[in-house]
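Here is my note on the model, in numbered points. Please read it beside the coordinates.

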Amino acid sequence: MSREVIVVGAGIVGVSTALQLQLRGWQVLLLDRQGAGERTSFGNAGLIQREAVFPHAFPRALGTILHYASNRATEVRYQSSMLPRLGFPFWKYWWNSQPERHRQIARHYAALIGHCLEDHLAVAALAGATHLFRPGGYLQVHRHRHSLEAELEAARYKEEHFGVEYTVLDDAGLQARVPGLQAGLAGGIHWQQPLAVIDPHALTLAYLDYFLAQGGEFRTFSVSALEAEGQGWCLRGARERLTAAHVILTLGAWTPDLTKGLGWHPSVFVKRGYHMHYAPTAPAEPAMALLDADAGYVLAPMRQGLRLTTGAEFAPRDAPASPIALDRAETAARRLYPALGARLDPAPWLGQRPCTADMLPIVGPFPRGSGLWLNFGHCHQGLTLGPTTGRLLAQLMEGEAPFTDPTPFAPARFSR
């Protein structure tokens with residue numbers, strides 16, 4: 001069997017996949033149309049979320065659905081032109097969010113999430129990048145008692161079934177952890193196990209540097225078409241074509257652009273998100289990230305400043321940025337943390353998260369031809385799961401016994 005492979009897409013998932021294969025003796029060429037980690041991987045909240053065993057579900061409560069439908073929410077906004085094309089994936093998403101189905105999905109999801117810390121720490125140790133991690137978890141704060149009580153019920157379930165560790169905090173406890181935080185909150189949860197990353201882009205680049213130092217190759221190459229050719233695959237660019245017996249697509253939200261030419265259309269939709277960095281005006285910024293659970297944004301201390309990441313925007317993947325989502329999140333964040341100072345970036349950053357209707361990533365062999373593999377669809381957890389799904393795919397390609405049953409993540413589930 002050929003031990004040469006091309007990985008297309010150099011975000012955290014692609015770089016991690018390339019590295020996992022290289023560690024197993026493969027000769028890997030990594031491609032991206034721009035620098036590594038410069039698209040969706042660049043702008044996350046920087047959390048490796050060991051506690052996130054339940055993927056984000058479609059809301060079930062009528063009041064919440066109506067709140068989002070009003071299009072005035074901080075957590076979610078949409079362009080009305082998107083609604084017709086989101087109808088079918090949203091219906092599937094809603095159906096999969098039924099409580100019993102969601103618990104079953106969580107069991108599959110936890111089989112990946114449970115390995116995220118050890119997988120990142122192993123790769124970071126090789127790459128000399130552990131200094132980019134900040135242990136101690138993060139704080140999830142609630143303005144409303146009803147949302148806190150619902151989350152505490154879920155936390156108890158996570159603790160019992162998945163070994164998640166947490167501490168419950170009242171308003172005084174939150175004030176003690178984050179001086180200057182808005183008073184009068186219902187309370188919060190300190191998720192203890194997650195690792196914070198103080199510069200997610202630097203982490204991707206550190207993994208890439210180790211990959212290159214061990215003999216891997218990275219090239220800037222824009223793939224315009226993917227075609228079967230003989231016993232392998234052909235990647236066409238503007239002026240050049242590349243061939244390989246094995247190709248892996250790790251292009252995130254852009255992966256379906258290449259698979260549609262092969263007649264394969266997974267039920268994937270895009271959640272867009274924004275970030276901006278701020279200079280805190282308090283003597284010290286928060287010691288850990290803050291998730292405002294009732295407004296759907298995160299404030300995370302980073303090298304570049306205090307990063308505000310927004311909730312979800314449903315708009316055409318490549319449409320121009322809109323100021324609305326960030327402006328709403330900033331208004332809410334200034335109430336929660338009044339020491340949020342001036343904007344530091346010249347413009348908001350915009351990224352596109354690839355999401356599946358069953359909330360599980362797509363990892364495994366392409367269902368219509370050997371030698372083509374997929375690793376994408378991580379939605380909010382690309383940073384968390386990059387090394388873990390990269391390891392799973394490498395095991396499948398090697399013929400090793402995988403660390404978990406790969407069936408729930410198989411691309412073939414979208415071919416029925």
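1. At what angle do helix α5 and helix α11 pack? The angle is about 80°, and the axes lie 8 Å apart. α5 covers residues 116–127 and α11 covers residues 382–398. The two are therefore roughly perpendicular (65 to 115 degrees). Axes are lines fitted to C-alpha atoms over the stretch in contact, with angles from 0 to 180 degrees between N-to-C directions.

2. On the α5 side, the contact (heavy atoms within 4.5 Å) uses C116, E118, D119, H120 and V123. α11 supplies L383, T384, P387, T388 and R391. By class, the contact has four nonpolar, three polar and three charged residues. Here Ala, Val, Leu, Ile, Met, Phe, Trp, Tyr, Cys and Pro are nonpolar, Asp, Glu, Lys and Arg charged, and the others, Gly among them, polar.

3. The model is predicted: local features need pLDDT of at least 70, side-chain atom pairs pLDDT 80 or more, while totals for chains, interfaces and linings use all residues. Numbering starts from 1 along each chain as its sequence is written, and side-chain values use heavy atoms, without hydrogens and water.

4. The chain has eleven helices and 22 strands, taken as DSSP runs (H or I, at least four residues; E, at least two) numbered from the N terminus. Its radius of gyration is 21 Å, close to the 22 Å of the globule rule for 416 residues, so the chain is as compact as a globular protein of that length. That radius is taken over C-alpha atoms; the rule is 2.2 Å times the number of residues to the power 0.38.

5. The C-alpha trace spans about 65 × 45 × 45 Å along its principal axes. Of the contacts with a separation of 6 or more, 76% join residues 24 or more positions apart.

Notes: Parallel < 35°, antiparallel > 145°, perpendicular 65-115°, else oblique.
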